[in-house]
Amino acid sequence: MFQLISIFITVQEAVDTSVATPLSASILRSFHVMSKPGACIRNRESHKIGRYKEQFDSVNGSIQYLPFVMSTFGASGLLARRLLLFLSQKLSGRWGVPSESARRLVQNRISSGLMKYAAISLSRALSNHESQL
């Protein structure tokens, strides 16, 4: 898997953001996936890693690939949580606040950005739907 310390010290990182929803048609067709909390996030992380593994392997480790996956309900994937923890620890030291306070702030900022994006997407979808009526 990914070593966050080595990502930020010895190599460049490529962070690929993605939003997964457990309500997508493909997930809903697969009951066994729906029965496991966080499965849609883990599936998206695995898909992203598999999709880009060859390209990043070809640069001989000079760029580390990191999928940053969150769900439409605000949950984050394992690799995203590791990155959030790392950022929180760095910001905690810089701001002089407890690490948990920095983590909550970072998580809240990212979640609010996700909610804003979802609202814009939903508004566009509704607008397109109304124009077709």
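Guide: Start with E100. At 38% relative accessibility, E100 counts as partly exposed; here buried means under 20% relative accessible area, exposed over 50%, and partly exposed in between, with a 1.4 Å probe and protein chains only. The model is predicted, so local features need pLDDT of at least 70 and side-chain atom pairs count only at pLDDT 80 or more, while totals for chains, interfaces and linings use all residues. Residues are numbered from 1 along each chain as its sequence is written, and side-chain values use heavy atoms, with hydrogens and water left out.

E100 pairs with R103, with the closest N and O atoms 2.6 Å apart. That is a salt bridge: a side-chain nitrogen of Lys or Arg within 4 Å of a carboxyl oxygen of Asp or Glu. E100 also forms a salt bridge with R104, where the closest N and O atoms are 3.5 Å apart. Together, E100, R103 and R104 are linked in a network of salt bridges.

Now the geometry. E100 and R103 both belong to helix α6, residues 99-132, and sit three residues apart, about one turn. Helices (H or I, at least four residues) and strands (E, at least two) are DSSP runs, numbered from the N terminus. E100 and R104 are four residues apart in α6, so about one helical turn separates them.

The partners' accessibility comes next. R103 is partly exposed at 28% relative accessibility. R104 is partly exposed too, at 41%.

The structure holds three salt bridges. One of them joins the side chains of K48 and D16, at 3.2 Å from N to O. K48 lies in helix α4 (residues 39-57) and D16 in strand β1 (residues 12-20), so this pair ties together parts that are 32 residues apart in sequence. Both K48 and D16 are buried.

The side chain of S92 reaches the backbone nitrogen of S99 at 3.3 Å. This is a polar contact: a pair of N or O atoms within 3.5 Å; within protein, one must be able to donate a hydrogen and the other to accept it, and residues adjacent in sequence count only if both atoms are side-chain atoms. S92 sits in helix α5, residues 78-95. S92 is buried, at 12% relative accessible area. After α5 comes G96, with a positive phi near 70°.
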